[in-house]
Amino acid sequence: MKKIVSLLLMLLFAASISHAFESLYDGDVIYHTLDGKTCQVYSVRNPENHTSLSIPDKVYGLTVVEIYDYAFSNMKYLKSISLPETIVKIGEGAFNYCRSLTNVNIPNSVTTIGDGCFTNCTSLTNVNIPNSVTSIGEKTFYGCENLSYVYIPSSVKSIGEEAF
């Protein structure tokens, strides 16, 4: 009986750890805490109301270090976004189907750009990839039919299938 109770307590503890984040709201932007010092951009409420967004480097004293997977996905009216130099990861599909997005300046702090990050951003024309990035994932710019300029630094050692 003690073993069963111990096992149940361990399972409950593990489940509580896997969901141990707090949601923070700054206007319509939703953030999730990561470790008590950092947070990630998780999502945007009322995406149809935003043509531009500026993500701060800190929210409620927490450093913003990541754009979560699909955080801005399908924001069809988003034309521009400003990202702080504290971002180190842009998640999978983070901007996919943002059909009005025209330019993206990826901060020099970014080391990871997730697969399909900008898939079908049909208005995207310019992208500067910083020297901190070492790989471009699969389908990162797939379907970006108006993309006319991409700066790829020598730091990029691999480019995924159908990246462009």
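Colleague: What makes the largest nonpolar core a core, and which residues have the most contacts inside it?
Modeller: The largest nonpolar core has 41 residues, and Phe72, Ile90, Phe95, Leu101, Phe118 and Leu124 have the most contacts inside it. The term stands for a set of buried Ala, Val, Leu, Ile, Met, Phe, Trp, Tyr and Cys residues joined through side-chain atoms within 4.5 Å. The elements giving two or more residues to this core are β2 (29-33), β3 (38-44) and β6. Strands here are DSSP runs (E, at least two residues), numbered from the N terminus. This is a predicted model, where local features need pLDDT of at least 70 and side-chain atom pairs count only at pLDDT 80 or more, while totals for chains, interfaces and linings use all residues. Residues are numbered from 1 along each chain as its sequence is written, and side-chain values use heavy atoms, leaving out hydrogens and water.

Colleague: Why is Tyr60 called exposed?
Modeller: Its relative accessible area is 60%. Exposed means over 50%, buried under 20%, and partly exposed in between (1.4 Å probe, protein chains only), so Tyr60 is exposed.

Colleague: Where is Tyr60 found, and what does Tyr60 touch?
Modeller: Tyr60 is in the loop between β5 (58-59) and β6 (62-67). Not counting residues up to four places away in sequence, Tyr60 touches Leu24 and Tyr25; contact means heavy atoms within 4.5 Å. The Tyr60 side chain also reaches the backbone oxygen of Tyr25 at 2.7 Å.

Colleague: How many bridges join β11 to β13?
Modeller: 3 bridges join β11 (residues 126-128) to β13. Two strands pair if DSSP finds at least two bridges between them, so β11 and β13 pair, and they run parallel.

Key
Helix = DSSP H or I, 4+ residues; strand = E, 2+ residues; numbered from the N terminus. Polar contact = N/O pair within 3.5 Å; in protein donor to acceptor, adjacent residues only side chain to side chain.
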